[in-house]
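Good morning, and thank you for making time on the agenda.

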Amino acid sequence: MSIFEYNGSALIAMVGKNCFAIASDRRLGVQLQTIATDFQRIYKVHDRLFLGLSGLATDAQTLYQRLGFRHKLYQLREERDMKPETFANLVSAILYEKRFGPYFCQPVIAGLGDEDKPFICTMDSIGAKELAKDFVVAGTASESLYGACESMFKEGMEPEELFETVSQALLSSVDRDCLSGWGGHVYVVTSTEVKERILKGRMD
Amino acid sequence: MTKQQANWSPYDNNGGSCVAIAGADYCVIAADTRMSTGYNILTRDYSKICKLADKCVMASSGFQADVRALQKQLAARHLIYQHQHNKQMSCPAMAQLLSNTLYYKRFFPYYSFNVLGGLDNEGKGCVFTYDAVGSYEKVGYSSQGSGSTLIMPFLDNQLKSPSPLLLPAQDAVTPLVEAEAIDLVKTVFASASERDIYTGDKLELVVVNAAGIRREYMELRKD
């Protein structure tokens with residue numbers, strides 16, 4: 001079994017009209033055993049920037065601690081929040097530092113840039129960035145997520161419709177993957193508010 | 001000295017995806033027409049769908065040489081059945097035959113991932129889904145092949161087949177009408193072609209209903 005499949009995870013980020021949604025499953029497992037059903041995979045970096053980390057849970061937590069630290073330092077020095085594009089470059093650099101002994105994580109970054117333009121990107125475990133205009137996915141259920149998102153995505157969705165689409169795509173996809181599931185955690189972010197919702201799906 | 005291992009395999013994977021959806025009085029069976037090996041395309045125009053009986057159609061992805069051999073075997077057994085019983089095999093009967101034929105080669109399997117679709121004796125749509133060694137189940141819809149992991153969750157979302165273990169027994173057929181089911185299949189293949197490199201070129205769609213068997217084609221991405 002691959003090290004990336006040790007804990008199980010599912011992550012989506014999707015772009016809407018002047019907003020974005022980022023969602024994850026809630027299961028933490030040790031191979032076939034479920035350890036927690038409320039595991040947090042998505043972290044708030046600042047009000048307009050969220051980071052989701054899939055893959056090995058210990059590396060995800062360590063990575064977040066390092067990135068949170070770097071962002072706080074940036075805030076102290078620059079007296080402002082980091083732009084999403086800048087943060088993506090930072091994550092990429094930190095991952096590539098460990099090129100020959102990597103963090104076993106696949107990050108998903110979602111934020112609102114200048115003029116409230118939504119920004120999403122993902123990268124592999126050694127920092128190769130993939131910018132997308134529509135959606136990005138990560139985790140053990142990634143193939144299912146690609147299929148579901150590709151079929152359900154529409155351009156320019158309003159926040160409520162975006163929430164529905166992301167939730168349906170996430171729940172349908174994790175239902176076909178044994179290592180992810182136990183509900184969902186969805187953040188819908190616009191320039192004015194952040195709406196956090198918990199989904200109840202198949203609890204297995 | 002480490003053990004010498006064989007580096008020749010009798011199998012190859014020619015890729016592709018298949019889907020089947022059962023309706024109240026119809027069945028839609030579809031597959032793409034791309035045949036590939038590794039990262040190369042062998043042809044853009046290969047049919048993965050085979051008519052086994054009047055009201056019974058099979059779509060298979062995997063190793064097409066094994067699929068061809070399997071189709072030949074089933075056609076021969078069907079001919080014998082017709083000679084002995086003076087009638088065509090029904091879809092459920094063919095489903096059992098396919099399962100037995102696959103399990104017969106349990107220890108050197110047909111590398112063939114099948115979906116069988118058609119009308120049962122009452123004219124209702126039925127779909128049977130198989131693994132490579134003959135384990136099968138009657139379902140309302142199914143997909144197999146390289147794109148199946150991308151397609152299945154979306155079909156679940158739109159169609160949700162009831163479990164065969166439920167009591168009282170619930171109908172496996174979909175509430176959609178024929179035109180809606182065809183649209184759904186086209187959407188699903190368009191999405192799968194975007195993200196699966198082995199799926200694309202053309203979609204071959206076969207509809208089985210009381211009027212007979214009808215074939216339709218749709219262009220897909222060629223990259």
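Between chain A and chain B there are seven residue pairs in polar contact, both residues at pLDDT 80 or more; a polar contact is a pair of N or O atoms within 3.5 Å, one able to donate a hydrogen and the other to accept it, and residues adjacent in sequence count only if both atoms are side-chain atoms. This is a predicted model, in which local features need pLDDT of at least 70, side-chain atom pairs count only at pLDDT 80 or more, and totals for chains, interfaces and linings use all residues. Residues are numbered from 1 along each chain as its sequence is written, chains are lettered from A and ligands numbered from 1 in the order in which they are written, and side-chain values use heavy atoms, with hydrogens and water left out.

On the side of chain A that touches chain B, α3(A) gives the most, with eight residues; helices here are DSSP runs (H or I, at least four residues), numbered from the N terminus. That side comprises four nonpolar, six polar and four charged residues, with Gly counted as polar.

Two salt bridges link chain A and chain B, each defined as a side-chain nitrogen of Lys or Arg within 4 Å of a carboxyl oxygen of Asp or Glu. Arg176(A) pairs in this way with Asp156(B), their closest N and O atoms lying 2.6 Å apart.

Finally, which residues line the largest cavity? Among them are Gly147(A), Ser151(A), Leu150(B) and Phe154(B), where lining means an atom within 4 Å of a point on a 1 Å grid at which a 1.4 Å probe fits but cannot get out. The lining includes no charged residues.

Conventions:
Helices (H or I, at least four residues) and strands (E, at least two) are DSSP runs, numbered from the N terminus. On a 1 Å grid over the protein atoms alone, a cavity is a set of points where a 1.4 Å probe fits but cannot get out, and a pocket is an open set with protein on both sides within 12 Å along at least five of seven lines; lining residues have an atom within 4 Å of a point.
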